[in-house]
Amino acid sequence: MSRYAGLDVRLNQSGSSLNRPGRLSKAGNAYLRSALFMPAMSAVRHDPNVKAFYEVLVARGKKKMQAMCAVMRKMLTGIWACFKLNTPYDSSKLFSEEHKKACA
């Protein structure tokens, strides 16, 4: 599902440049990516589970936009699982409590 949205990582290696960092492929649906951005930003601000996950990624050295895309990808896979299993969305099931402990 994340590949369809263009939220998967694409490695960029050619010739002598083998150690370049991976980037988002952006080969998928741009409308889906843009539709996930604002809910992810709102969740980072107001949902304690998502906020803890985001802050752990930033503390680990990820750029803010990389962490935001990780949140978008995780939310997308959670939404997809909710549709498949016909269950309501619950961020406490999707984001670990260990992230909250790491931020405290």
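## Close-up views of a predicted model

**Figure 1. Overall view of the protein chain and its charges.** The mean positions of the 18 positive and 6 negative charges of the protein chain lie 11 Å apart, in a model that is predicted. The secondary structure of the protein chain amounts to 6 helices and 2 strands, and these elements follow one another along the sequence in the pattern α-β-β-α-α-α-α-α. Along its principal axes, the C-alpha trace spans about 45 × 35 × 20 Å. Of the 104 residues in the protein chain, 30% are buried, while the accessible surface comes to about 7,300 Å², with 56% of that surface belonging to carbon and sulfur atoms. When contacts between residues at least 6 apart in sequence are considered, 53% of them join residues at least 24 apart.

Figure 2. Arg33 belongs to helix α2, which covers residues 30-46. Because its relative accessible area is 15%, a value under the 20% limit, Arg33 counts as buried. Once neighbours within four places in sequence are set aside, Arg33 is in contact with Ala5, Gly6 and Leu7, with Lys26, Ala27 and Gly28, and with Met72.

Figure 3. Gly28, which is one of the residues in contact with Arg33, is placed in the loop between β2 (23-24) and α2. With a relative accessible area of 23%, Gly28 is partly exposed. Its C-alpha atom is 13 Å from the C-alpha atom of Arg73, a residue 45 positions away in sequence.

**Figure 4. A surface patch of positive charge that includes Lys63.** Arg20, Arg23, Lys26 and Lys63 gather on the surface as a patch of positive charge. Lys63 sits in the loop between α3 (48-59) and α4, and Lys63 counts as exposed because its relative accessibility is 61%, a value over the 50% limit. Another member of this patch, Lys26, is also listed among the residues in contact with Arg33.

**Figure 5. Gln66 in helix α4 and its separation from Tyr54.** Gln66 is part of helix α4, which covers residues 64-85. The relative accessibility of Gln66 is 40%, so this residue is classed as partly exposed. Between Gln66 and Tyr54, which are 12 residues apart along the chain, the C-alpha atoms are separated by 9.5 Å.

**Figure 6. A nonpolar surface patch that includes Phe83.** Ile79, Phe83 and Tyr89 form a nonpolar patch on the surface, and together these residues have about 330 Å² of accessible area. Phe83 is found in helix α4, where its relative accessibility of 67% is the reason why Phe83 counts as exposed.

**Figure 7. Asn86 and its positive phi value.** Asn86 lies in the loop between α4 and α5 (91-94), and its relative accessibility of 71% places this residue in the exposed class. Phi of Asn86 is near 55 degrees, which is a positive value in a residue other than glycine. Most residues other than glycine have a negative phi.

How values were computed
Residues numbered from 1 in each chain as written. Predicted model: local features only at pLDDT ≥ 70, side-chain atom pairs only at ≥ 80, totals over all residues. Heavy atoms only, no water. Helix = DSSP H or I, 4+ residues; strand = E, 2+ residues; numbered from the N terminus. Buried < 20%, exposed > 50% of the residue type's maximum accessible area, 1.4 Å probe, protein only. Contact = heavy atoms within 4.5 Å. Patch = residues over 30% accessible without salt bridge, like charges linked within 9 Å, V, L, I, M, F, W, Y side chains within 5 Å. Areas by Shrake-Rupley, 256 points an atom, 1.4 Å probe, with all protein chains shown as cover. Salt bridge = Lys/Arg side-chain N within 4 Å of Asp/Glu carboxyl O. Lys, Arg positive; Asp, Glu negative; His and termini not counted. Charge placed at Lys NZ, Arg CZ, Asp CG, Glu CD.
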